[in-house]
Amino acid sequence: QVELVESGGGLVQAGDSLRLSCVTSGRTFTYRAMGWFRQALGKEREFVAGINWSGDSTRYADSVKGRFTISRDDAKNTVYLQMNSLKPEDTAVYYCASYPGPLLSSNNDYWGQGTQVTVSS
């Protein structure tokens with residue numbers, strides 16, 4: 001069992017920055033790829049960013065490239081999402097998710113409860 005707990009969301013203005021954190025439990029964190037997803041009101045959940053087990057490979061949605069950065073600290077069992085130059089369209093509930101293996105794939109096995117990010121114009 002893997003437990004994921006997100007934090008760091010909030011209400012900010014356009015152009016501001018936020019850093020989301022996702023703390024995981026379980027000894028298997030080190031060998032798992034991790035990802036961030038988001039779901040805006042009335043829309044489907046979408047992929048935002050992913051990082052492989054070693055941290056040397058990342059992937060981003062086109063909508064956040066150049067503004068968001070995913071990283072991980074295995075010593076702290078934590079994955080981060082640094083969000084800069086936030087836009088109103090970034091408003092959503094952000095979820096952390098783990099992958100069942102070391103690489104990014106199409107499947108996620110565990111999810112956090114989500115943290116709300118609201119960007120005002």
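Me: What share of the contacts between residues at least 6 apart in sequence join residues at least 24 apart?
Reply: That's 57% of those contacts in the protein. Keep in mind that this is a predicted model.

Me: OK, and how many helices and strands has it got?
Reply: There are 0 helices and 11 strands. Going along the sequence, the pattern reads β-β-β-β-β-β-β-β-β-β-β.

Me: Switching to disulfides, how many does the structure hold?
Reply: It holds 1. Cysteine 22 pairs up with cysteine 96, and their sulfur atoms sit 2.1 Å apart.

Me: Where in the chain are those two?
Reply: Cysteine 22 is in strand β3 (residues 18-24), while cysteine 96 is in strand β9 (residues 92-98). They're 74 residues apart, and the pair links distant parts of the chain.

Me: Remind me, what is a disulfide?
Reply: A covalent bond between the sulfur atoms of two cysteines.

Me: Is this one left-handed or right-handed?
Reply: The torsion about the S-S bond of cysteine 22 and cysteine 96 is about -80 degrees, so the disulfide is left-handed.

Me: And is cysteine 22 buried or exposed?
Reply: Cysteine 22 is buried, because its relative accessibility is 0%. Cysteine 96 also has a relative accessible area of 0%, so it counts as buried. For the protein, 41% of the 121 residues are buried.

Me: New topic: what's the radius of gyration?
Reply: The protein has 13 Å. A compact globule with 121 residues would be near 14 Å, so the value agrees.

Me: Last one, how many positive and negative side chains are there?
Reply: 12 positive and 12 negative, with the centres of the two sets 2 Å apart.

Note on methods:
Residues numbered from 1 in each chain as written. Predicted model: local features only at pLDDT ≥ 70, side-chain atom pairs only at ≥ 80, totals over all residues. Heavy atoms only, no water. Helix = DSSP H or I, 4+ residues; strand = E, 2+ residues; numbered from the N terminus. Rg over C-alpha atoms; globule rule 2.2 N^0.38 Å. Buried < 20%, exposed > 50% of the residue type's maximum accessible area, 1.4 Å probe, protein only. Contact = heavy atoms within 4.5 Å. Lys, Arg positive; Asp, Glu negative; His and termini not counted. Charge placed at Lys NZ, Arg CZ, Asp CG, Glu CD. Disulfide = S-S within 2.5 Å.
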